[in-house]
Amino acid sequence: MKIAKRFLGLIIAVSMVWSVSVAGFADESVTQTETAVYGESLEEVPFLESSVSGVPGRWTWENPEVMPEAGTAEYPAVFTPNDTDNYNSITANISVTVLQATPVVELVPSALPITYGETLGQSQIEGGTVKGADGNVLLGAWTWKNAEIRPAAGTNTYPAVFTPNDTKNYTIVEAEVEITVGQTSIDPEKVTPPSASEITYGQSLADSILTGGSVEGMEGTWAWQDPSIKPNRYDNEDYADLFTYAVVFTPADSGYSPITEQITLKLNTAEPVIESAPMVETLYYGQSLTEAEITGGKVIGVNGEELYGTWSWNNEAQIPEVGTAEYQATFYPDSVNYHAVSCEGVSVTVNKASLQTADTPSCTELSYGQSLGHSAISGAVQTLSGLPVEGSWNWEDASTVLPAGVHECQAVFVPNDTEHYEPLQASIAVTVQKKIIDPDQTDIVVLPSASEITYGQALADSMLSGGSVEGVEGVWSWQDPELKPNAGSSLCTVVFTPADANIEAWTGEVTVTIHKATPVLTEEEIPTASDIVYGQKLGDSILSLMR
């Protein structure tokens, strides 16, 4: 505080304080006051001294209700001594310094957004409420403190200055004002999209590597907009393998907004995993793999799901050898997201082929006493598919001697190719003829003799005796024992029936003598004669039988 003194009519100049000039007092300064602030009345401004020239007393403002403006001015004040008996009151102009008031920011204003690259000065500040010392809204204008600043993108606060219209009584005031700085868009014409590497079904976009691509004059990175997407060909029309997805370029300079581009991605089909090989029905030699139905097996996809589809032999025309071996088959999945997969080890068991007769086999006849081995078998044999097979027929028991008649005997066809074909068993009808006595060998046959009979008797009444067939037991009999030959000598057929049914009967002729018969009248057969009269002849008597 700087004070200048003068005696008797002294003027006291006090920086930012009140000072007075008083007559009639000694050479001391009158008084000084505290600094005031705009908005305060004189009544609120206290005096710093309570005496004048050593005379004690007190100061009061002549117009205490006055509210001085900012600056330095003089206002009348009255000094009343304590000793009013000996001193008079005096009035003096007291210099008062009033400081500018600081406005009160009750509501911070808002700022219009700008774009990255623009200065704060390009953002208009709006609204806000600032009040003065009297509590009323204070008129004025907001401006940025550092309008030349180019803020980073995003939302931040920067100092703004409120300049009141009443600059005499109010100071300026600062406040932090929030401003949103938008990112600057990239010019699409400067963008070259990247290329995406192919991926396989089950992988996500994150597995596709982006290469190339650029934005003119700018550093940054490319990335998939949604790297978690797993493409599925069922989402595409016609199940196509090309997809379009969004990629995003994020500039290194955060002041620029990312830009999105659409690029093409190729999705390759995935390879199924054969968890267990399929099964195959047993084949017979001669059948191709195409006749072996493939069933079962388990094939899984990339997510562990079981896949459905069809199996097909890689070489379906192949005719596998007898035994068990592994062959290649391919699984064709129903899902368009998977490609076919080959199974190297599908086990196939091939048995020897069964045969069948092309026609009913037959054999030559036997004569009683011959073994089956003497009967030759004939009959074509073929595969089940009709292919002829070479081989030979044999009787299961060629040494068997059968009785005369027709017998079903078991024969076996043994193919020449026993490696691929099973023997074929068949039941063949064998005819065994009875043994025939050779009629030309009369030296072994002695015909029997026939006893004489009388006309009217049948051959059965003629007894055959004697006669034999060398080495053969049997009986002689008439071929037609009911025959009644005429009187005289007749050759009649006799039959030699061997005791062994397997020997054919032999026939021959023997002479039979048939005597004339003598009629014999019975009592019933004697006729009766009708009476005649004497003189009549016997011829006149009629003979008649009595019945």
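Biologist: How much space lies in the largest pocket?

Modeller: This is a predicted model, in which local features need pLDDT of at least 70 and side-chain atom pairs count only at pLDDT 80 or more, while totals for chains, interfaces and linings use all residues. Residues are numbered from 1 along each chain as its sequence is written, and side-chain values use heavy atoms, without hydrogens and water. A pocket is an open set of points on a 1 Å grid where a 1.4 Å probe fits, with protein on both sides within 12 Å along at least five of seven lines, and its volume is the space filled by probe spheres set on the points. For the largest pocket, this space is about 210 Å³.

Biologist: How many residues of its lining are charged?

Modeller: The lining (residues with an atom within 4 Å of a point) includes Tyr-284, Tyr-285, Gly-286, Glu-291, Leu-384 and Tyr-421. Asp, Glu, Lys and Arg count as charged, and Gly is among the polar residues. The lining divides into six nonpolar residues, five polar residues and, as for charged residues, one.

Biologist: Which backbone oxygen lies 3.4 Å from a polar atom of the side chain of Ser-204?

Modeller: Ser-204 is found in the loop between β16 (199-200) and β17 (210-211), where strands are DSSP E runs of at least two residues. Beyond its neighbours within four places in sequence, Ser-204 is in contact (heavy atoms within 4.5 Å) with residues including Ile-199, Pro-227 and Lys-230. The backbone oxygen at 3.4 Å from its side chain belongs to Pro-227.

Biologist: Is Ser-204 buried or exposed?

Modeller: The relative accessible area of Ser-204 is 13%. Buried means under 20%, exposed over 50% and partly exposed in between, with a 1.4 Å probe and protein chains only. Because its area is 13%, Ser-204 counts as buried.

Biologist: How many residues apart are Glu-69 and Lys-168?

Modeller: Glu-69 forms a salt bridge (a side-chain nitrogen of Lys or Arg within 4 Å of a carboxyl oxygen of Asp or Glu) with Lys-168, and their closest N and O atoms are 2.6 Å apart. Glu-69 sits in the loop between β3 (55-61) and β4 (71-81), whereas Lys-168 sits in the loop between β12 (154-164) and β13 (173-182); the pair thus links distant parts of the chain, 99 residues apart.

Biologist: What is the relative accessibility of Glu-106, which forms a salt bridge with Lys-131?

Modeller: The closest N and O atoms of Lys-131 and Glu-106 are 3.2 Å apart. Lys-131 lies in strand β10 (residues 129-131) and Glu-106 in strand β6 (residues 104-107). Lys-131 is partly exposed at 24%, whereas Glu-106 counts as exposed, with a relative accessibility of 52%.

Biologist: Which residue forms a salt bridge with Glu-174?

Modeller: Glu-174 is partly exposed, with a relative accessible area of 42%. Its partner is partly exposed at 44%, and the closest N and O atoms of the pair are 2.8 Å apart. Glu-174 lies in strand β13 and the partner in the loop between β11 (140-144) and β12, so the pair ties together parts that are 29 residues apart in sequence. The partner is Lys-145.

Biologist: Which residue has the backbone nitrogen that the side chain of Asn-169 reaches at 2.7 Å?

Modeller: Asn-169 lies in the loop between β12 and β13 and is buried, with a relative accessible area of 3%. Leaving aside its neighbours within four places in sequence, Asn-169 is in contact with residues including Tyr-38, Glu-69 and Gln-100. The backbone nitrogen reached at 2.7 Å is that of Ala-70.

Methods
Helices (H or I, at least four residues) and strands (E, at least two) are DSSP runs, numbered from the N terminus. A polar contact is a pair of N or O atoms within 3.5 Å; within protein, one must be able to donate a hydrogen and the other to accept it, and residues adjacent in sequence count only if both atoms are side-chain atoms.
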